[in-house]
Amino acid sequence: MAVGVLALQGSFNEHIAALRRIGARGVEIRKAEQLQNVTSLIIPGGESTTMAKLAELNNLFPALREFVKMGKPVWGTCAGLIFLADRATGQKIGGQELIGGLDCTVHRNFFGSQIQSFEADLLVPEIVLKEGGPPSFRGVFIRAPAILEVGPEVEVLADVPYPSSKIIIQEQEDAGSPKKAIVAVKQGNILATAFHPELTADTRWHSYFLKMTTEVDEASSSIIIPYGGQRSYEQPKIDLPVYQ
Ligand SMILES: NC(=O)CC[C@H](N)C(=O)O
């Protein structure tokens, strides 16, 4: 099944290229009705306020929220993470509309502006468990957000230390503990990364997301709906004709 890639703005071509490298087909999504043709969706990095305005102009928010609520796998990278968060701080004046669904508070430009962009080797045990490969993943952070706090259902998949000189909202009291920002999480059908795997040659995050998609496809196709539109376990038992 094709993977939808929200193609309003940002790094949608790079995600489509990464999917192609692992033999999957990415489909550019710009209209709500196109979401009916895909069973999963990647929301790329870009500029989240601009993406929000374009999504509003295309009246995409109701369909995107429905897509997430239906339990279809959705992966937000960077600006896409911001889109999926229930709460976002550090927004521009006037704020921005969010899809929501991910129980976390994200800081929109946690690590600063473009010139504070950086790369870091992240320990990614869940990715290694499912996809193998080296213990670390090269995270590319471009004017990156970070997650300040998560709800009980959210699994943290990666974090990154940040300089103690950085002042953040809700500064932690014990200055002694190494400060770490959460940069990758999973909550049911939602995956979110503050960095850009699509800008590296390492496709393990894309393979990991594709597995989430297959699991949902298999789950939905495991309920056999035979001809006549009834599910196998609902269908009245029909004796086979006995030919004498
Ligand atoms: N690389 C990115 O997607 C940057 C996102 C940026 N922090 C924003 O809010 O738009």
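Student: How many helices and strands does the protein have?
Tutor: The protein has 6 helices and 12 strands, counted as DSSP runs (H or I of at least four residues for helices, E of at least two for strands) and numbered from the N terminus. The model is predicted: local features need pLDDT of at least 70, side-chain atom pairs count only at pLDDT 80 or more, and totals for chains, interfaces and linings use all residues. Residues are numbered from 1 along each chain as its sequence is written, and side-chain values use heavy atoms, with hydrogens and water left out.

Student: What percentage of the residues is buried?
Tutor: Of the 244 residues, 46% are buried, meaning under 20% relative accessible area (1.4 Å probe, protein chains only).

Student: Changing topic, which residues surround the ligand?
Tutor: Among them are Gly45, Gly46, Cys78, Ile82, Arg108, Asn109 and His196, where a residue counts if one of its heavy atoms lies within 4 Å.

Student: Which polar backbone atom is 2.6 Å from a ligand oxygen?
Tutor: That atom belongs to serine 48. A backbone N or O atom of alanine 79 lies 3.1 Å from an oxygen atom of the ligand. For glutamate 47, a side-chain N or O atom is 3.2 Å from a ligand oxygen.

Student: And how much of the ligand does the protein cover?
Tutor: The protein covers 98% of the 300 Å² of accessible area that the ligand has on its own, by the Shrake-Rupley method with a 1.4 Å probe.

Definitions and conventions. Buried < 20%, exposed > 50% of the residue type's maximum accessible area, 1.4 Å probe, protein only. Polar contact = N/O pair within 3.5 Å; in protein donor to acceptor, adjacent residues only side chain to side chain.
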